[in-house]
Amino acid sequence: MSGEILILTIDGDSHAEHVARLLAARGAEAVVFDPAGYPVHAVLDAVYHRDGRVRRRLRTEKADVDLDRLTALWFRRPQAPVAHPEITDPVARAHMEQECAVFAGDLWEQLDCRMVPAPRERVRLAQRKSSQLALAGRLGFELPDTLITNDPDEFLDFYNRHQGRVINKPLGVPAGSRADGEGVARMSEPVSTRDVTYADAIRFGPVVVQEYVPKRVELRVTVVGRAVFAAEIHSQESNHTRLDWRRYDPGGTRHEVHELPPEVAERCLRIVRRLGLRYGAIDLILTPDGRYVFLEVNPSGQWLWIEKATGLPIGAALCDLLMYGTVGEETAHVAGRP
């Protein structure tokens, strides 16, 4: 099959399935595959001929993909390869999974096709929270007063300076990821007086603390190519979501389309581009006095619930990006474009 689009993501990903359906309706062929199924349920081949020709293939129970004829590769939320269950020795399993991960990761990076949001190494660099904050500040975003440290005294000074109105955030493991086989879902949490009594433990590793920023609404700004989709999340209407909207009840948290000021929309475009990405989900706070405060960019951030709640055509924009490398005029107009 020529002109295929390969979507690498976890099994059962509703975002990938939604986009695959939209692509099929347009006559484009998309294959959804999770590298966790390799090598048990899939075969990856790479043949390098004497004359320099290369042939790379992915074969699964449902598809036979000529990787060198792909139009686009979407790194949605792929998982690491999992060794065959017949390999029971822990050391042998770890070695084999590392071998599989190295080969598969190298293979994806070799492909001469459009990559969304970017090649994996670029995505890994773009996810670094401290680099995001530094770049956002240079681009003119207002930032929350932030400290990243393993010095207990620095932490206590920061806590006292902000009169205890301080939020603790994860640094490297985002919500919903997995670590050591266990589910991890760290949210933003207020630093309690009980936490302060254990401040000495900070010496074991870095923590991220930010001043608490008052909110009128929280904003999820989804950048797809040159299109900027902004949605209001009315998290302050419920105590359950007041500190972190990711605790929201989809049926109980109000969402609305938001019109960003042109200069803010332009900054959102610029930070995604400067991070080397074609896609980025940006979290902002709109304060009661009308200031836009930057929090972070997620290169694989969720968006389907925003589309369902507001009607913003984010999935259509992703289809445009995967098929053509740019977002169509009609879709970009709906999003709003600086």
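**A walk through the predicted model**

Colour the chain by pLDDT, the predictor's confidence in each residue from 0 to 100: the average is 89, and 87% of the residues score at least 70. This is a predicted model, where local features need pLDDT of at least 70, side-chain atom pairs count only at pLDDT 80 or more, and totals for chains, interfaces and linings use all residues. Residues are numbered from 1 along each chain as its sequence is written, and side-chain values use heavy atoms, with hydrogens and water left out.

Now select residues 174-185, where pLDDT stays under 50.

Next, pick Val 272 in helix α7 (residues 262-274); helices are DSSP runs of H or I, at least four residues, and strands runs of E, at least two, numbered from the N terminus. Val 272 has a relative accessible area of 2%, so it is buried (under 20%; exposed is over 50%, partly exposed in between, with a 1.4 Å probe and protein chains only). Leaving out residues up to four places away in sequence, its contacts (heavy atoms within 4.5 Å) include Val 223 and Tyr 279.

On to the salt bridges (a side-chain nitrogen of Lys or Arg within 4 Å of a carboxyl oxygen of Asp or Glu): there are 15. Show Asp 13 and Arg 76, with closest N and O atoms 2.7 Å apart. Asp 13 sits in the loop between β1 and α1 and Arg 76 in strand β6, so this pair ties together parts 63 residues apart in sequence. Both residues are buried.

Finish at Arg 291 and Glu 142, a salt bridge at 2.2 Å, N to O.
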